[in-house]
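Dear colleague,

I am handing over the structure below, and my notes on what was found in it follow directly after. Please read them with the model open beside you.

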Amino acid sequence: MKQRFDAVVVGAGPAGCACGYTLAKAGLEVLVVERGKFAGAKNMWGGVFYGPTLNQLFPQFWQEAPVERYVARHRFSLLTPDACLSAEFTTKKFTQPPYNGFTALRSKFDRWFASKVEQAGAIVATGLQVDDLLWDGNQITGIKAGGDELPASVVVACDGVNSVLAGKAGLRSKLQPRDMKLGIKEVIQLPRQLIEQRFNLVGDEGIAWEFIGSFSRGLPGGAFIYSNKESLSVGIAVQLSALTENQIKANDLLEEFKQHPAVADLLAEGKLVEYSAHLIPVSGMAMMPTLYTNGLLVAGDAAALILGTGLTLEGANFAVASGIAAAETVIRAKQAGDFSKKSLSYYPELLRESFVLKDLETFRKAPHFLENLRIYSLYPELACDLAEKVFTNDGTPRKKTWELFRQAMDGRVSLWQIARDLMQVKGAI
Ligand SMILES: Cc1cc2nc3c(=O)[nH]c(=O)nc-3n(C[C@H](O)[C@H](O)[C@H](O)COP(=O)(O)OP(=O)(O)OC[C@H]3O[C@@H](n4cnc5c(N)ncnc54)[C@H](O)[C@@H]3O)c2cc1C
């Protein structure tokens, strides 16, 4: 007779590992199935991870987890083809435990996380793809993988943005290109000393640097540079529908970004050691699937639990928090001996009590706001033009800043339009 697991967790990314770990710690029989050769083998993110939820699972996790640097500097820049206007935030608080955010590389981070799941008593089966669900009437009762049937009281789908399982369970409709960004990223190796000199970092300090502007050719999207110990994570994320409608290759935009005068010198002498591409579900509540049904819960990217405000993109911490909430729901269901939809409805209740659904609700209008194309071309140009006018000294009499602003705006945008866009900012982020 085949072993029947209390839970099968599909996917060993941050959601699946957090879920598997919490379940195993509570003494449940857990199988985590991961299609990659090892956890993190093919996974990618930009690379800034916010830690409070992981810290609940592993207090002071940064002492043992393979994090690269703690984020001491947040910088945001607007680019035109030859100019760059930046704002930077740094505070002593972010340089001290418990820190605020960390940079990390998935191949090391997920592998570490999955090893903690195993240590807690779960079985982590890698190199195994889940193909389908098992059903008994309208109750999901396990998975099919590699020609085998693996029965379980409950399945937790942590299988990422393209969640085949949420689709097979009928919980979500086809993904729309407008709801997705295509992210591509290069890891560029550089000596530690050069990184610290170029980005003004000391010791394990790191920088998270976000960009919008000319490189995206007016399409909704941005770029980033995150510093690791001995490499930089450099990438862009652009709305998928805009790329296809305009027949623009994301890689061309990344190359344009890397060649920008404010960026090229920072990457000089670097060696490309990794290239990856991945989709990001960015429409928040508007694209969220149904989160549970009889015998199944959906967590992390599979449930589109990602927050993008234009200033930060957070998905991994939402994945960890939803993985834990899914596990707590399963533990409660096991105690009650009831894995029906009614019993699993505790899951969205937990998400609503935590930052996960609260934040997505607060920023409900952000995805629509971030489709305003003026953000990506007109406003960076306006801001850089104004800065150039303010700082130019050509020996002629100076004008007041307000007059320079009116000059920069002239014929490009009305004050009325700017006021309307500012009202949108107020409502969205
Ligand atoms: C370009 C880019 C930049 C990003 N930057 C950031 C950032 O800086 N900070 C941040 O917090 N978030 C960022 N994110 C988002 C973040 O990566 C995700 O939100 C997070 O990884 C979601 O975790 P997850 O466990 O839900 O899914 P994933 O990390 O996608 O893990 C899913 C796992 O399931 C496995 N799997 C899938 N299907 C099957 C199957 N059928 N059988 C078995 N296994 C399967 C996959 O191999 C994978 O390991 C970024 C994403 C991208 C693409």
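Is Ala286 buried or exposed? With a relative accessible area of 75%, Ala286 is exposed, where exposed means over 50% relative accessible area, buried under 20% and partly exposed in between, taken with a 1.4 Å probe and protein chains only. Ala286 lies in the loop between strand S15 (271–281) and strand S16 (292–293), helices (H or I, at least four residues) and strands (E, at least two) being DSSP runs numbered from the N terminus. Ala286 and Asp179 are 107 residues apart in sequence, and their C-alpha atoms are 8.8 Å apart in space.

Before the rest, two notes on how to read the values. This is a predicted model, in which local features need pLDDT of at least 70 and side-chain atom pairs count only at pLDDT 80 or more, while totals for chains, interfaces and linings use all residues. Residues are numbered from 1 along each chain as its sequence is written, and side-chain values use heavy atoms, with hydrogens and water left out.

Turning to the rings, the structure holds 24 aromatic pairs (rings of Phe, Tyr and Trp, the last by its six-membered ring, with centres within 6.5 Å; planes under 30 degrees apart count as stacked, over 60 as edge-to-face and the rest as tilted). One of them joins Phe58 and Phe113 edge-to-face, at 5.8 Å centre to centre and with 75 degrees between the planes. This pair links distant parts of the chain, since Phe58 is in the loop between helix H2 (52–57) and strand S4 (67–79) and Phe113 is in helix H3 (residues 106–119), 55 residues apart. Phe58 is buried at a relative accessible area of 5%, and Phe113 is buried at 1%. The pair of Trp62 and Tyr99 has ring centres 5.5 Å apart and planes at 90 degrees, so it is edge-to-face. Ring pairs link a cluster whose members include Trp45, Phe58, Trp62, Tyr99 and Phe113.

The charged end of Arg106 sits over the ring of Trp45, 5.0 Å from its centre (CZ of Arg or NZ of Lys within 6 Å of the ring centre and within 35 degrees of the ring normal).

Finally, Ser322, Ala325 and Arg332 are among the residues of helix H9 (residues 316–336) that meet residues of H11, including Tyr346 and Leu350, contact meaning heavy atoms within 4.5 Å.

Notes
Axes fitted to C-alpha atoms, helices over the stretch in contact; angles between N-to-C directions.
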